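Subject: Structure handover

Hello,

Here is the structure for your files. Please open it alongside this message.

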Amino acid sequence: MTRLAPFLVGAATLLIAGLAAADPARDAILAAFADEAKAADAAFAGFSADRGKAFWTATHSGGKPDTPSCTSCHGPDPTAGGQTRAGKPIDPMAVSKNPKRFTDPAEVAKWFTRNCNGVLGRECTAVEKGDVITYLSSQ
Amino acid sequence: MQPLAGEPLRMHAVYVWDLATRLFHWLLVAMVAVALFTGFVAPEWWMGVHLAAGYAIVLLLVFRLVWGVFGPEYARIASLVRASRWLREYLRDLLLLRPPHYIGHNPAGAVMIFALFSVLTALVVTGLMVQGGEEKQGPLAGVIGYATGNGAKEVHEILVFVLLAMVTGHIAGVIVEGWLQQAPLIRGMITGWMPLPTDVPAPRLRRARPRPAAISLAVFAGVAALVLGLLSRLPPLGIPTMPANQAMQDECGACHWAYHPSLLPRDSWAAIMAGLSDHFGEDASLPAATAGEIAEFYQSYAAEAWDTEAARRFSNLAPGEPLRITATPYWVAKHDEVGDAQFASPAVKNKGNCIACHRDADSGRFDDQAIDIPPPPKTGANP
């Protein structure tokens, strides 16, 4: 029993961490974006954290000149915080640091609407949104 | 009265200024100096010291009035009145550079004391009116509105220059008189003793009556405490009770300090809430229900609902930029001396971050005493 204890503690920790990352509300939000993506393109084969990272860190055009990238405000490291243009701190986007991220559909909708408009000058596609959430959930 | 022990024994000296009168004189000098310094030179957040000096001057004036009735001979108002009757003769003799010798105040000095008293009284009264009307502080906050307080400030500022002219005249008078009479007037106000020419007989002095003086002061203190206590129970004029609004705190506060509704008039807030998709260069659009709730809150508690300094002043909008508080003429003038580096410092970051320096910004009061500018960033620390 005593020899097993470290393994049991480790397994429990992994389980809890896994539960924290895999929030049912976040899964539902992702599932809705996946449905939307499939409806737009029957060949949609799932979200990609790599694509999400590329989108998150890319320098876009078409939006407001002060904010060409997600990282303009959120900062280069998703596990660290960012800062609004008005100077207010933004909590980390990485789900490991901030488990409440992407669990409220209204907040997710509000911020994607605002920030895609600010960075890209257009709405984001369901694939782009799902990729970003998948990337930040892996961080 | 006998010379005090340790006092240099002079032939024919007279104890003109009693200890209480001397203390009053020099404390008044000190308090007026503090009030002038904090009024003209010190930064805004020294306002508390300015107010303390003002209250101290009130106490000194009241004491001096009582002492003018019950004090010793040369402290008495009656003796000043008597001296002031000789003003015309005194001025004539002064022009001929041969003013006669007076014990106590000479006629010009006596008139000056009345004038100083009147101006100081008017200064503390208008000061209390400014404090109550503009700052919404002190005993008159519940009685006087912003416009009246603002008018009182104009008078207060003019009276200060009248006071400065009189202080200059008082000091010049002491120097001229001291030179003409060869009399140590300033030392006299420190030690109390003045030498008398041998041909002037020492006068018979009425003594002070400390007991009625103390009773009068106690009665005054009691009445003043009662009146001030009753007045301070009145809520300040023009400060409505504003409930907290969670939607406003959450949504506005997500990106910047949630601006107090009193800082702009209704029309400006309406335009801001109608233009959230391009909010100072940012898309800040909100679901209609949330935006509607916040817009209603700002309409209810916009500048028109307040009588505070910030509400009244910022209602004068910048031409061409009616939505930007930091563009209003008053804001610009008030932050003239705050450098760009200070605004950009890590603790402030942005001109719109009022609460970084105004600790009471969330109440809309913006008291001078609540200003607390964070230390500017150290430059050149990293080579």
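This is a predicted model: local features need pLDDT of at least 70, side-chain atom pairs count only at pLDDT 80 or more; totals for chains, interfaces and linings use all residues.

Chain A has a mean pLDDT of 87, and 85% of its residues reach 70 or more. Confidence differs by element. Helix α6 (residues 126-137) of chain A has the highest mean pLDDT among the elements of that chain, at 96. Helix α1 (residues 5-21) of chain A has the lowest, at 51. Over residues 13-20 of chain A the pLDDT is below 50. That stretch has one contact in the model beyond near neighbours in sequence.

Now the build of chain A. It holds six helices and two strands. Along the sequence the pattern runs α-α-α-α-β-β-α-α. Of its 139 residues, 34% count as buried. Take the contacts in chain A with a separation of 6 or more: 56% of them come from residues 24 or more positions apart.

Next, the interface. Chain B contributes 18 residues to the contact and chain A contributes 13 residues. Together the two chains bury about 1300 Å², with 43% of that on carbon and sulfur atoms.

The side of chain B that touches chain A divides into seven nonpolar, six polar and five charged residues. The count of salt bridges between the two chains is three.

- B:Glu251 forms a salt bridge with A:Lys110, and the closest N and O atoms are 2.4 Å apart.
- B:Asp278 and A:Lys64 meet through their side chains in a salt bridge, 3.9 Å from N to O. On chain B, B:Asp278 sits in the loop between α10 (266-274) and α11 (288-300). On chain A, A:Lys64 sits in the loop between α3 (49-57) and α4 (71-74). A:Lys64 counts as partly exposed, because its relative accessibility is 23%.
- A:Asp66, A:Arg85 and B:Glu282 are linked in a network of salt bridges.

Over all chains the count comes to 16 salt bridges. Two of those within chain B deserve a look.

The side chains of B:Glu73 and B:Arg206 form a salt bridge at 3.0 Å, N to O. B:Glu73 lies in the loop between α2 (47-70) and α3 (77-84) of chain B, and B:Arg206 in the loop between β2 (193-195) and α8 (210-233) of chain B, so the pair ties together parts that are 133 residues apart in sequence. Is B:Glu73 buried or exposed? It counts as buried, at 10% relative accessibility. B:Arg206 is partly exposed, with a relative accessible area of 35%.

The side chains of B:Arg359 and B:Asp372 form a salt bridge at 3.3 Å, N to O. Both residues lie in the segment after α14 (340-344) of chain B, so this pair ties together parts that are 13 residues apart in sequence. B:Arg359 counts as exposed, at 52% relative accessibility. B:Asp372 counts as partly exposed, at 40%.

Best wishes

Technical notes. Residues are numbered from 1 along each chain as its sequence is written. Chains are lettered from A and ligands numbered from 1 in the order in which they are written. Side-chain values use heavy atoms; hydrogens and water are left out. Contact means heavy atoms within 4.5 Å. Buried area is the accessible area (1.4 Å probe) that two parts lose on being put together, summed over both. A salt bridge is a side-chain nitrogen of Lys or Arg within 4 Å of a carboxyl oxygen of Asp or Glu. Ala, Val, Leu, Ile, Met, Phe, Trp, Tyr, Cys and Pro count as nonpolar, Asp, Glu, Lys and Arg as charged, and the others, Gly among them, as polar. Helices (H or I, at least four residues) and strands (E, at least two) are DSSP runs, numbered from the N terminus. Buried means under 20% relative accessible area, exposed over 50%, partly exposed in between (1.4 Å probe, protein chains only). pLDDT is the predictor's confidence in each residue, from 0 to 100.
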